[in-house]
Amino acid sequence: MSKATTLLLFLFFTLLLLTTSLSKDLCHKDDKKALLKIKKSLSNPYNNIISWDPKEDCCTWFNVDCGDATVNHRVTSLHISYDQISAQIPPEVGDLPYLQTLIFRKLSNLTGPIQSTIAKLKYLRFLRLSWTNLTGPIPDFFSQLKNLEYIDLSYNDLSGSIPTSLALLPKLEYLELSRNKLTGPIPELFGSFPGKALDLFLSHNQLNGSIPKSLGKLDFYRIDLSRNKLKGDASMLFGTNKKTWTIDLSRNMFQFDISKVKVAKTVNLLDLNHNGITGSIPVQWTELSLQTFNVSYNRLCGPIPKGGELQRDGAYAYLHNKCLCGAPLQRCK
């Protein structure tokens, strides 16, 4: 056999081997089976997963991602959104054991409770179940998912209290529970979150009671407790040694003296409107680079310090206080 023939045969078998490798279905058969059950449970929604063809590699399917060879190409991400789905969360999501990201979003007819089989997803890091019509309580089983870093359950009809067990998640850095029907107090244990700069969004609920003093230990990046029924002292959330970006405590029933409250220079949004806050506005606040500022509808008094961004939003930011004066309000007497 000539060298040329040998080379041609070598190239042929190499090409054959490569073609066979490329055509191989990388998707694990159990993952594909679970995904097809999910498709059936959701009645083959058009926009997202009707294109899931059983004859094709599920790692190439729309809104499905697989990991690399280190996890044997198991499904690691499932994202379903913007569709006319009339169903509940399929229990088969729990049969994707290597799932790290799970998103059901903008599905107005997705109803029922948060599926308990999600507790089986031990590698889950990112969970977003938002802008749906999920009902029932926030389940305690989330505390079993020790890899969770991000939870978004906003814009639902979830009810009941916030589980204390969420504070047991060692890697959690983002918690969004806004726009639900949650009641009761903020759990005392929430001051024990291990995250160094937690994002906490609890707005537009029916939470009541006082803020746990333990929250003052946390260095929040963003905190939004607006439009609840919270009361008492919230001054522990402030501090110049923090890295806070936004603080929104508006439309609650907080009552504390703001006179000596110093705010981190990193704060960009500070909204305290519609509370019962007393005292005078600290001069230190003129050092802040505020893009949004509002202390209207409180019981503040005294001259408004000049400088910084405290005059940029005009009188609107100061309306309906006890006796504030100075620009942009009337001159102090």
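Q: What does buried mean here, and why is Asn205 called buried?
A: Buried means under 20% relative accessible area. Asn205 comes out at 8%, so Asn205 counts as buried. Keep in mind that this is a predicted model.

Q: Where is Asn205 found?
A: Asn205 sits in the loop between β12 (199-201) and β13 (206-210).

Q: What is Asn205 in contact with, leaving aside its neighbours within four places in sequence?
A: Leu177, Ser178, Arg179, Asn180, Lys181, Leu182, Arg227 and Asn228. A contact takes heavy atoms within 4.5 Å.

Q: What makes the approach of the Asn205 side chain to the backbone nitrogen of Lys181 a polar contact?
A: The cut-off is 3.5 Å between N or O atoms. A polar atom of the Asn205 side chain lies 3.4 Å from that nitrogen. The side chain of Asn205 also has a polar atom 3.1 Å from the backbone oxygen of Leu202.

Q: How do you know that strands β9 and β11 pair?
A: Pairing needs at least two bridges. Strand β9 (residues 157-160) and strand β11 (residues 181-184) are joined by 2 bridges, so they count as paired, and they run parallel. As for individual residues, Gly160 has Leu182 in β11 as its bridge partner.

Q: Which sheet holds these two strands, and why do β7 and β17 stand at the edges?
A: They belong to an open sheet of 6 strands with parallel pairing, in the order β7-β9-β11-β13-β15-β17. β7 (135-136) and β17 (253-254) each have a single partner strand, so one side of each has no neighbour in the sheet.

Q: How many disulfides does a search of the whole structure find, and what pattern do they follow?
A: There are 4 disulfides. Counting bonded cysteines along the chain, the pattern is 1-2, 3-4, 5-6, 7-8.

Q: What makes Cys27 and Cys58 a disulfide?
A: The sulfur atoms must be within 2.5 Å. Here S to S is 1.6 Å, so the pair qualifies. The link joins distant parts of the chain, 31 residues apart: Cys27 is in the loop between α1 (3-23) and α2 (29-41), and Cys58 is in the loop between α2 and β1 (64-66). With 75° about the S-S bond, the link of Cys27 and Cys58 is right-handed. Both cysteines are buried.

Q: Why is the disulfide of Cys301 and Cys323 called left-handed?
A: The torsion about its S-S bond is about -100°, so it is left-handed. The sulfur atoms of Cys301 and Cys323 are 1.4 Å apart. Cys301 lies in strand β21 (residues 299-303) and Cys323 in strand β22 (residues 323-325), 22 residues apart.

Q: What makes the link of Cys325 and Cys332 right-handed, and is each cysteine buried or partly exposed?
A: The torsion about the S-S bond is about 95°, so this disulfide is right-handed. S to S is 2.0 Å. Cys325 has 13% relative accessibility, under the 20% limit, so it is buried. Cys332 is at 31%, so it is partly exposed.

Q: What pLDDT does the chain average, and where is it below 50?
A: The average is 90, and 90% of the residues score at least 70. Over residues 11-23 the pLDDT is below 50, and beyond near neighbours in sequence this stretch has 0 contacts in the model.

Definitions and conventions:
Residues numbered from 1 in each chain as written. Predicted model: local features only at pLDDT ≥ 70, side-chain atom pairs only at ≥ 80, totals over all residues. Heavy atoms only, no water. Helix = DSSP H or I, 4+ residues; strand = E, 2+ residues; numbered from the N terminus. Buried < 20%, exposed > 50% of the residue type's maximum accessible area, 1.4 Å probe, protein only. pLDDT = per-residue confidence, 0-100. Polar contact = N/O pair within 3.5 Å; in protein donor to acceptor, adjacent residues only side chain to side chain.
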